[in-house]
Amino acid sequence: MLSFLLENWSLVAVALVSGGLLMWPMLVGGVGAGVPPNEAVRLMNREKAVVIDVCESAEFEAGHITGARSIPLAKLEGAKELPSNKNLPLVVVCASGMRSRRAVAQLRKAGYEKVNALAGGMKAWREAGLPVETGAR
C-alpha cells in the first residue's frame, strides 16, 4: 500500500485536492448557491420567511423586495431588526448574492437555523419579474 502511494503520489495529490474542493462549501458554512427567487417567494408565502436585505442604504432605497428589512452587512451582528425567534426562516438578499452568503454564515453562527441566501441577489429577483419596492422603509 505504501509503495503504491509513493509511486502514484501525483494521483493521490489530485484526489485529495479535488475532494477538498468538493468539501469546501460545507466547511465554510454550507451556503452553496442559495435559493432561487421562486423558492424565496414560496418561503415568504408559506413559511412566513423574513427577508433581510444586507445592501447599503442607498442600494436598498434604489430597489428592494417588498417587506424586506434593511440591515447592512456591516451592522448585521447583533442588529435589533433581526427576528427574536431563531427558528423563523430567513431569506438574505443583496445586489448580486455575494454579501448575502457572508451574512448567512454570520447568522448561522448567531444561532439562526433556517437561513438562505437569495441566489443571484436582487439582479435575479428583477430578472424573474418579481415586484420591487423603492425608497426607505
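This is a predicted model: local features need pLDDT of at least 70, side-chain atom pairs count only at pLDDT 80 or more; totals for chains, interfaces and linings use all residues.
"Buried" is used here for a residue under 20% relative accessible area, "exposed" for one over 50%, and "partly exposed" for anything in between (1.4 Å probe, protein chains only). Residues are numbered from 1 along each chain as its sequence is written, and side-chain values use heavy atoms, with hydrogens and water left out.

**View 1. Glu39, Arg42 and Glu47 join up in a network of salt bridges.** A salt bridge here is a side-chain nitrogen of Lys or Arg within 4 Å of a carboxyl oxygen of Asp or Glu. Counted that way, the model has four salt bridges. Look at Arg42 and Glu39: their closest N and O atoms are 2.8 Å apart. The two sit three residues apart in helix α3 (residues 37-46), so about one helical turn separates them. (Helices are DSSP runs of H or I with at least four residues, strands are runs of E with at least two, and both are numbered from the N terminus.) Arg42 also bridges to Glu47, with 3.1 Å between the closest N and O atoms. Glu39 is partly exposed at 26% relative accessibility, and Glu47 is partly exposed at 33%.

**View 2. Arg99 reaches Glu59 in a salt bridge.** The closest N and O atoms of this pair are 2.9 Å apart. Arg99 belongs to helix α5 and Glu59 to helix α4, so the pair ties together parts that are 40 residues apart in sequence. Which of the two partners is buried? With 19% relative accessibility, Arg99 counts as buried, while Glu59 is partly exposed at 31%.

View 3. Tucked away in α5 are Arg99, Ser100, Ala103, Val104 and Leu107, its buried residues. Just past the end of α5, Gly111 takes a positive phi of about 105°.

**View 4. Four strands line up as an open sheet in the order β3-β1-β4-β5, with parallel pairing.** Two strands pair if DSSP finds at least two bridges between them. At the edges are β3 (69-70) and β5, each pairing on one side only. Strand β1 (residues 50-53) is joined to β4 by four bridges, and Val50 stands opposite Leu90 in β4.

**View 5. Helix α5 packs on the sheet and touches β4 and β5.** Contact means heavy atoms within 4.5 Å. The buried residues of α5 pack against β4 (90-93), β5 (115-117) and also α4 (57-62).

Terms used:
Axes are lines fitted to C-alpha atoms, for helices over the stretch in contact, and angles run from 0 to 180 degrees between N-to-C directions.
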